[in-house]
Amino acid sequence: MKNMRDIMQKELPSCPVETTLMLISDRWKVLILRDLLSGTKRFGELKKSIGSITQKVLTANLRSMEECGLLNRKVYAEVPPRVEYTLTETGYSLKPIMDAMFQWGIQYQQQFKNKEKEE
């Protein structure tokens, strides 16, 4: 089976926006990015923070993000095993996009609240 890096190098979309969406279009990936922007997190911390995500889906998303070069996974040889996730430089470079999404969300929420008050 090809890994994500091999696929991406050969099949990147020509549109830069589509490339970005390919990497972070899943809602879970965006929430993982949100949580890792503040620093390294363990699997359990991510699962608790994200909430309704299953362990299987979180694992799949973390693996995909690691293959794409957005985060690093560090396993400690302990019992029980400890695994930590940290954004790479590439992953952290998405911060301005996440900040813009945060600001847009605040503005939208305010517009929504104002509209509700008018009705």
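Me: How many residues stand between E2 and E3 in the hairpin they form?

Reply: This is a predicted model. In it, 5 residues lie between E2 and E3, and the two strands form a hairpin.

Me: How do these strands run, and how many bridges join them?

Reply: The general idea concerns side chains: in a regular strand they alternate between the two faces of the sheet. In the present case, E2 (residues 71-76) and E3 (residues 82-87) run antiparallel and are joined by 6 bridges. Within this pairing, Lys74 stands opposite Glu84 of E3.

Me: Where do strands come in the order of elements from the N terminus on?

Reply: The chain has 7 helices and 3 strands. Their order from the N terminus is α-α-α-β-α-α-β-β-α-α. Strand E1 covers residues 41-42 and includes Lys41.

Me: Is Lys41 buried or exposed, and which side chain of opposite charge is nearest?

Reply: A salt bridge requires the charged atoms to be within 4 Å. Lys41 is buried but has no salt bridge, and Glu45, the nearest side chain of opposite charge, is 6.1 Å away.

Me: Which polar contact does the side chain of Lys41 make with another side chain?

Reply: The partner is the side chain of Ser38, at 2.8 Å. The Lys41 side chain also reaches the backbone oxygen of Asp35 at 3.3 Å.

Me: Which residues is Lys41 in contact with, leaving aside its neighbours within four places in sequence?

Reply: Among them are Leu36, Leu46 and Val83, together with Glu84.

Me: What share of the chain is buried?

Reply: Buried residues account for 30% of the 119 residues.

How values were computed. Residues are numbered from 1 along each chain as its sequence is written. This is a predicted model: local features need pLDDT of at least 70, side-chain atom pairs count only at pLDDT 80 or more; totals for chains, interfaces and linings use all residues. Side-chain values use heavy atoms; hydrogens and water are left out. Helices (H or I, at least four residues) and strands (E, at least two) are DSSP runs, numbered from the N terminus. Buried means under 20% relative accessible area, exposed over 50%, partly exposed in between (1.4 Å probe, protein chains only). Lys and Arg count as positive and Asp and Glu as negative; His and the chain ends are not counted. A polar contact is a pair of N or O atoms within 3.5 Å; within protein, one must be able to donate a hydrogen and the other to accept it, and residues adjacent in sequence count only if both atoms are side-chain atoms. Contact means heavy atoms within 4.5 Å. Two strands pair if DSSP finds at least two bridges between them.
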